[in-house]
Amino acid sequence: MLAKYPDLHPDFSATDDVRDLVSLLSSGGDARIDLDPETGLNRYMSAPYPRRALAFASSTANDLSADAFRHLLALRGAGTVAYREHLADLSRRIRSAYDLGEGCDVVFAPSGTDLEYVALAAVRGRQPNGIHNILLGADEVGRGCVHSAHGNYFAPETALGRDTEQGADVEGLENVSLADIPVRCMQGQARTSAEMAEAIRVELELARQMGRHALVHVVHGSKTGLILPELSEIDSLRSEFGDAFTLVVDACQARIMSDAVQAYLDRGAVVFLTGSKFMGGAPFSGFALVPDATVAQAAELPKGFRNIFRRAEWPDSWLGASDLEDSENPGLALRLEASVFELERFQQLSLDQIKRVIFAFQRALEAKLIQPFGFELVQPHSDNDGAEARGHPLEMLTLATLDVSSHPASEFFEGAEKLHRKLALSGLRLGQPVKSVRTEEGKWGGTLRVGLSMPQMVRLAALSDEALETALAEEIGQIGDALNAERTVS
């Protein structure tokens, strides 16, 4: 347990209740969740408690909002709820928040990386020769997913505390081949939906030749806001290949509206979401929405899942769920609770309220960062004025990826990484750099990501027009001030 929290939000003090809650919120995951005893932060420079830090880091990981932290303290004070009951209630609330009815089940996981196992379990046994998993843009969804999507352990330990070997097969998922299709070309330009569909088509033909069932990933909100391929391309592939493949939608950023979630589920997709990015909950947590028909068709869970999951995290109707360890992970339940708390608040906003905040955010970015520094935006689509640009969802405008290679401290990607860490340690958290810009020398240039979260949206939506513009100008302006200071140092 930490002796102190260096930048705990001034509304709170390090009482026993606060310490106990922070300890729980940083438990029940793999090593990524551990807090450094000196900084009170995890390896993503975030924390499961409210901080003084100014954060626009929802594309990487959030600190917990003060409102969510108070909610969890009150929940703890009212008495502990059994893990199974708590997750069952969260499942109901998630379906209600997205207006999904009873047509899907929810599987819970300690991180977005673990969710890849859910998709593999959903199609295990469909074909005698195994699974061909078609991943899109591993660099834009998380490198750890390459291991889990391959049916391997991705870390030396699991959330159950079991020691494992990174890269070793999860028992029961040995016959998984993996293809990783880049979502950007070597120059950093986003590929078109048609290009992605054609690359997927090649892999589907390969899966057919190998006698394997294919999992086709759809990226709905990558680290830079890409959505690939589009529904029209997906439907074309479904018409051509039928039930030879199953869709997996990586919406782990959670920048997705209810109608889009339903559209994917209607196509039989397994949809991944995490609670620790746009949703605004504490890191780490995740859940998969799985159509009932997929659960009914699924084979028995792999034996290796006994090292990864607990019984209450899977629907009772899933074969093999009863063989999982019947223990509790109160830390995960509380992290999920905070995320669903934020989701429910955000879903109460009207479309007009959401637009109002997003457009004010975009104006502040232009006035405080883009114009003064001459930064360019890394586009989340293949063109600036074509159909993909016009059809890009509104919620993706809550995230901006800035090409900061013109800044002397972040000309190259490595410099941007150092700058990102330096800013974070000084109390200003932005999204981690992503390799999406090439310099004239052919090296990867520096980027930084500025993103809103659901709790920020809720807070800002309550302000008057004038107060909203002032708040965002001041907060985005602090990013500009910090970058100006670093320009002087460099």
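The following questions and answers concern a predicted model.

Trainee: How are α12 and α15 oriented to each other?
Mentor: Helix α12 spans residues 351-373 and helix α15 residues 454-461; helices are DSSP runs of H or I with at least four residues, strands runs of E with at least two, numbered from the N terminus. Their axes are 10 Å apart at an angle of about 100°, with axes fitted to C-alpha atoms over the stretch in contact and angles running from 0 to 180 degrees between N-to-C directions. Angles of 65 to 115 degrees count as roughly perpendicular, under 35 as roughly parallel, over 145 as roughly antiparallel and the rest as oblique. The two helices α12 and α15 are therefore roughly perpendicular.

Trainee: Which residues of α15 meet α12?
Mentor: Contact means heavy atoms within 4.5 Å. On the α12 side the residues are Gln353, Ile354, Arg356, Val357 and Ile358. Those of α15 are Met457, Leu460 and Ala461.

Trainee: Which element gives the largest share of the lining of the second largest pocket?
Mentor: On a 1 Å grid over the protein atoms alone, a pocket is an open set of points with protein on both sides within 12 Å along at least five of seven lines, a cavity is a set where a 1.4 Å probe fits but cannot get out, and lining residues have an atom within 4 Å of a point. The second largest pocket is lined by 27 residues, with Ala53, Ser65, Ala66, Gln456 and Arg459 nearest its centre. Elements giving two or more residues to this lining are β1, α2, α15 and α16. The largest share, 4 residues, comes from α15.

Trainee: How much space lies in the largest cavity?
Mentor: The lining of the largest cavity includes Asp30, Tyr117, Tyr153 and Ile308. A volume is the space filled by probe spheres set on the grid points, which are joined across faces, edges and corners. For the largest cavity this is about 70 Å³.

Trainee: Is asparagine 152 buried or exposed?
Mentor: Asparagine 152 lies in the loop between α6 and β4, and its contacts beyond four places in sequence include Tyr117, His147 and Asp169. Buried means under 20% relative accessible area, exposed over 50%, and partly exposed in between, with a 1.4 Å probe and protein chains only. At a relative accessible area of 8%, asparagine 152 is buried.

Technical notes: Residues are numbered from 1 along each chain as its sequence is written. This is a predicted model: local features need pLDDT of at least 70, side-chain atom pairs count only at pLDDT 80 or more; totals for chains, interfaces and linings use all residues. Side-chain values use heavy atoms; hydrogens and water are left out.
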